[in-house]
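Subject: Structure handover and notes

Dear colleague,

Please find below the structure that I promised to pass on to you. My notes on it follow directly after.

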Amino acid sequence: MTQEAGTQNRGSGTAEESARASALLTAQGQAAALFAEIGRRGLVAPGRGEREVSDAVRDLAHEMFGVRRYWHKRIVRSGPNTLQPYRQNPPDRIIGEDDIVFCDFGPLFAEWEADFGRTFVLGDDPVKHRLRDDLPRLFEAGRRHFAARPDITGEELYAEVVRLAEEAGWGFGGPHSGHLLGEFPHEKVAGAEVDSYIAPGSARPMRRDDGQGRRCHWILEIHLVDRERGFGGFHEELLDLGHPA
């Protein structure tokens, strides 16, 4: 290969990666707009069932963006159900007047995965409000930790996120704190391989290329729990894109 051809290939790869990053950010921006509309329309409200809210969000995503598919199950959890990690399937619950509720959705926007989670507090419970407010704060602390360490591994970032949660007075509710994200279908590509997650045993550097030579992009999840009081909260979004250096 000539030097000129090699330069062209590198330029093409850079352009392709830039397009991938842009597509993921666009998908996340649409997910953020969806969640803002959830709040504006008051879809998370006392007296509604979790499945009812999930279906309402599904219909809203179709109305706003034509979304028909999700790459993972749609999650709305309230009260004690907010203690449960992703893989659990607690029974449907009616949202109460003074509840805490989180939504976790993975819509597909033009075959690009988004994964977005936010927490809503109904009522005036100061502890629930503090937990909700700590979620984005700890996300940002975890993101800064990642940004400052070029060779960080998934297990190292997970340990730091757990430490941050405990330092703030909360438990951490999940066996992992994030995962790879990209073109659909994420779950079929990633499978159950621990290196696809921010988790104990994930010992490879997070900044790497995948098996097809594409840059790995990550979602960071913060699942805080107060087991004594019986509730938790959840926050997730892209870790390595869309933030200041």
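Read from the N terminus on, the elements of the protein follow the order α-α-β-β-β-β-β-α-α-β-β-α-β-β, and in total there are 5 helices and 9 strands, where helices (H or I, at least four residues) and strands (E, at least two) are DSSP runs numbered from the N terminus.

Before the details, please note that this is a predicted model, in which local features need pLDDT of at least 70 and side-chain atom pairs count only at pLDDT 80 or more, while totals for chains, interfaces and linings use all residues. Residues are numbered from 1 along each chain as its sequence is written, and side-chain values use heavy atoms, with hydrogens and water left out.

Of the 245 residues of the protein, 50% count as buried, a term that stands for under 20% relative accessible area, as against over 50% for exposed and partly exposed in between, with a 1.4 Å probe and protein chains only. Among the contacts (heavy atoms within 4.5 Å) with a separation of 6 or more, 64% come from residues 24 or more positions apart.

Turning to the helices, H3 (residues 126-147) packs against H4 (residues 154-167) at an angle of about 145°, and their axes are 10 Å apart; axes here are lines fitted to C-alpha atoms, for helices over the stretch in contact, and angles run from 0 to 180 degrees between N-to-C directions. On the side of H3 the contact is made by Leu138, Ala141, Gly142, His145 and Phe146, and on the side of H4 by Leu157, Glu160, Leu164 and Ala165.

Ser202 is placed in the loop between helix H5 (186-190) and strand E8 (217-226), and it counts as buried because its relative accessibility is 1%. Leaving aside residues up to four places away in sequence, Ser202 touches Thr153, Gly154, Glu155, Val194, Asp195 and Tyr197. Its side chain reaches the backbone oxygen of Tyr197 at 2.9 Å, and a polar atom of that side chain lies 3.5 Å from the backbone oxygen of Val194.

As for the cysteines, Cys103 is buried with a relative accessible area of 0%, and Cys216, at 7% relative accessibility, counts as buried. The count of disulfides comes to 0, taking a disulfide as a pair of cysteine sulfur atoms within 2.5 Å.

With kind regards

How values were computed: A polar contact is a pair of N or O atoms within 3.5 Å; within protein, one must be able to donate a hydrogen and the other to accept it, and residues adjacent in sequence count only if both atoms are side-chain atoms.
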